[in-house]
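User: Please take me through this model, one feature at a time. I would like the general idea before each case.

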Amino acid sequence: MNNTKLNRRQFSKLGSAALAGGLVPSPANAEAAAGSPRAKRRRLIYHNDTRHWFLYVFEPPLSLKDAYRPVDEIAGTGVDTLVCHLGDGGIYGAKLFYNTKLGLDWTQPSGEHVEVSGDWWRAARNLASLRERGLDVLKILVDRAHEKGIELFGSLRMNGVGLPADAPEAIGQSAANIAGKDEFAGGVRIPGSSVRLAMPAGPFYGFLENHADFGHPKIRERCFAIFEEAANNYDVDGLELDFTITPFYFKPNQVKQNTPLMTELVRKISQLLHQGGRRKRALAVRVFPTEALNTNAGLDVHTWMGQGIVDIVVPLFYGGGNHLDPQMPYGWLTTAAAKHEVAVYPMLHPTAPGGVLEPIGGGDPRATPAMLRAAAANAYAQGAAGVYTWSLPWPLGPRERGILSELCDPGLLEQSDKQYVFRRRPWGDEQVRAASRIIEHLGYGASLPFSLEAPPPVRSNELPFFMADDPTAAGNHLAAIVLRVKVNNLVGADKLQLSLNGKDITRDLVSRTTHIYRHQWLEFHLRETLPHKGNNVLRFALESRPAGLEKSRIVVDEVEILVQYRRFADLLSRPPVLS
């Protein structure tokens with residue numbers, strides 16, 4: 001009989017998942033820790049999912065030196081809060097890394113036809129090796145974070161794939177067709193089929209199978225039990241509820257009526273942290289960038305903030321490759337946060353939104369330090385308390401530690417080089433494109449790519465953007481502002497017109513390059529017409545095409561704005577040599 005290799009979703013049913021950490025307040029933080037968790041101004045939050053660059057990579061048995069790695073690699077940078085996963089697989093199928101008493105331990109999957117990958121095997125054996133020595137990975141991280149003066153939060157994905165082992169894998173089966181398996185966790189009996197949404201994948205996520213239905217009280221009980229165990233048994237500085245891994249928490253026709261149920265669950269977890277017998281700890285929530293996306297999922301973020309239920313709000317969106325978006329529309333959150341003393345920390349994703357029209361191997365490019373600076377500067381300029389990032393190129397070296405030391409300081413970012421990029425619609429099949437259209441309808445649209453057809457008539461397309469840099473105030477410290485535009489199917493005889501805030505900048509074009517014959521990069525060195533701090537608008541128009549191309553269109557695929565500042569030269573330095 002052929003072996004069956006487990007995919008990640010199947011493994012989450014059998015095996016286990018991530019972890020989190022805690023921290024005894026250092027003397028410097030003692031005053032803030034003793035009072036409201038909002039009294040502490042966190043500078044930079046970093047997330048380690050406890051799997052990919054930790055338990056998956058080290059050969060067992062896990063040494064204490066390697067167990068310290070998630071803390072030690074960010075110690076001494078601008079990071080003062082580390083967030084680690086408590087588990088993986090969502091609430092229904094959660095398997096926990098720490099030494100849980102809920103029967104949800106991560107153990108190595110087994111079975112006659114189970115083929116386990118090396119990373120899963122390492123994770124299971126590393127955790128087992130700690131338990132055999134009487135150690136707990138969460139406590140190790142808590143104590144190490146204390147020692148280094150770093151806060152540590154435990155995080156868990158609030159939903160996601162979590163099917164019983166005997167449930168069919170086919171997407172879209174109704175609850176009546178699923179032979180659910182009763183499960184037991186921490187004394188909570190959960191009938192399999194009755195607590196899952198059993199929805200078709202729909203247009204949102206191709207991996208959606210059957211998510212937990214938070215309208216069912218047993219699911220909410222299990223969720224609270226996990227967070228209660230972590231809060232009561234470990235000295236974590238806070239907990240994070242990740243609502244952004246999926247937009248599905250209730251059956252579609254029950255979202256509005258069940259929204260208060262989710263608010264009460266979040267309130268209950270908040271009370272666990274804010275009214276416990278020990279110091280008050282913080283509650284963070286990851287939410288979608290727009291109010292409509294959250295409302296559509298049954299997440300009443302305004303009430304959470306207005307009633308003081310949450311302390312930290314993290315806007316982010318995973319879809320489309322975890323791409324960095326300096327233009328993420330979270331202004332409604334920073335406005336509300338200012339009224340209610342809640343801190344907003346926008347997520348800076350680690351990958352750039354660029355790339356070819358179709359993925360041709362190699363994955364998405366990493367966001368450059370200049371891209372991360374631009375997104376962070378925009379966050380501070382729009383009222384964010386700080387920023388949050390994750391999964392920088394590993395192992396973290398001088399380059400990564402350097403950017404983690406910059407992102408926490410708005411003053412340091414002010415006259416640092418930046419690269420403003422724009423979110424692109426994800427490439428994919430019709431299901432992915434349909435999801436993109438729905439998300440745009442709910443207020444989070446992608447600006448790129450867009451097409452321009454040959455006239456007549458001449459049609460234009462606008463690209464609004466926010467920029468934190470102030471060229472006027474920078475004076476002679478500013479070296480250059482360069483606009484770069486990648487256009488597909490462009491030829492030299494095309495007449496493309498660009499304007500910035502209503503003023504023509506076409507004459508600022510200084511170079512164009514052709515790559516693999518499909519597209520050209522146009523480079524505009526802006527001199528007289530400059531963007532200003534705040535909201536700006538680029539406008540593109542195709543005035544004419546040469547004979548033979550009248551019926552074809554061009555596509556504006558990528559746009560980026562580079563802001564460069566003058567640097568003082570070292571006494572013994574020489575001008576750079578052209579490569």
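User: Is F422 buried or exposed, and how is that decided?

Analyst: F422 is buried, because its relative accessible area is 3%, and buried means under 20% (exposed is over 50%, partly exposed in between, with a 1.4 Å probe and protein chains only). This is a predicted model, so local features need pLDDT of at least 70 and side-chain atom pairs pLDDT 80 or more, while totals for chains, interfaces and linings use all residues. Residues are numbered from 1 along each chain as its sequence is written, and side-chain values use heavy atoms, leaving out hydrogens and water.

User: How many aromatic pairs are there, and how should I read one?

Analyst: An aromatic pair is described by the distance of the ring centres and the angle of the planes. Rings of Phe, Tyr and Trp (its six-membered ring) pair with centres within 6.5 Å; planes under 30 degrees apart are stacked, over 60 edge-to-face, the rest tilted. The structure holds ten such pairs. Take F214 and Y249: their centres are 5.6 Å apart and their planes stand at 70°, so the pair is edge-to-face. This pair ties together distant parts of the chain, 35 residues apart: F214 sits in the loop between β9 (188-190) and α8 (217-233), and Y249 in the loop between β10 (238-242) and α9 (255-274). Both F214 and Y249 are buried.

User: Which residue pairs with F422?

Analyst: The partner is F465, again edge-to-face, with 6.0 Å from centre to centre and 85° between the planes. F422 lies in the loop between β16 (418-421) and α16 (430-441), F465 in strand β18, 43 residues apart. F465 is buried too, at a relative accessible area of 3%.

User: Which residues do ring pairs link into a cluster?

Analyst: F214, F243, Y249 and W304.

User: What about the sheet that contains β18?

Analyst: Strands of a sheet pair through backbone hydrogen bonds, parallel or antiparallel. Here an open sheet of four strands runs β18-β24-β20-β21, paired antiparallel. β18 (460-467) and β21 (503-504) are at the edges with a single partner each, so one side of each has no neighbour in the sheet. Strands (E, at least two residues) and helices (H or I, at least four) are DSSP runs numbered from the N terminus, and two strands pair if DSSP finds at least two bridges between them. β18 and β24 (residues 534-544) share eight bridges, and F466 has N535 of β24 as its bridge partner.

User: Which charged side chains sit over rings?

Analyst: The test is NZ of Lys or CZ of Arg within 6 Å of the ring centre and within 35 degrees of the ring normal. R144 lies over the face of Y68, 4.0 Å from the ring centre. The charged end of K268 is over the ring of F224, at 4.3 Å from its centre.
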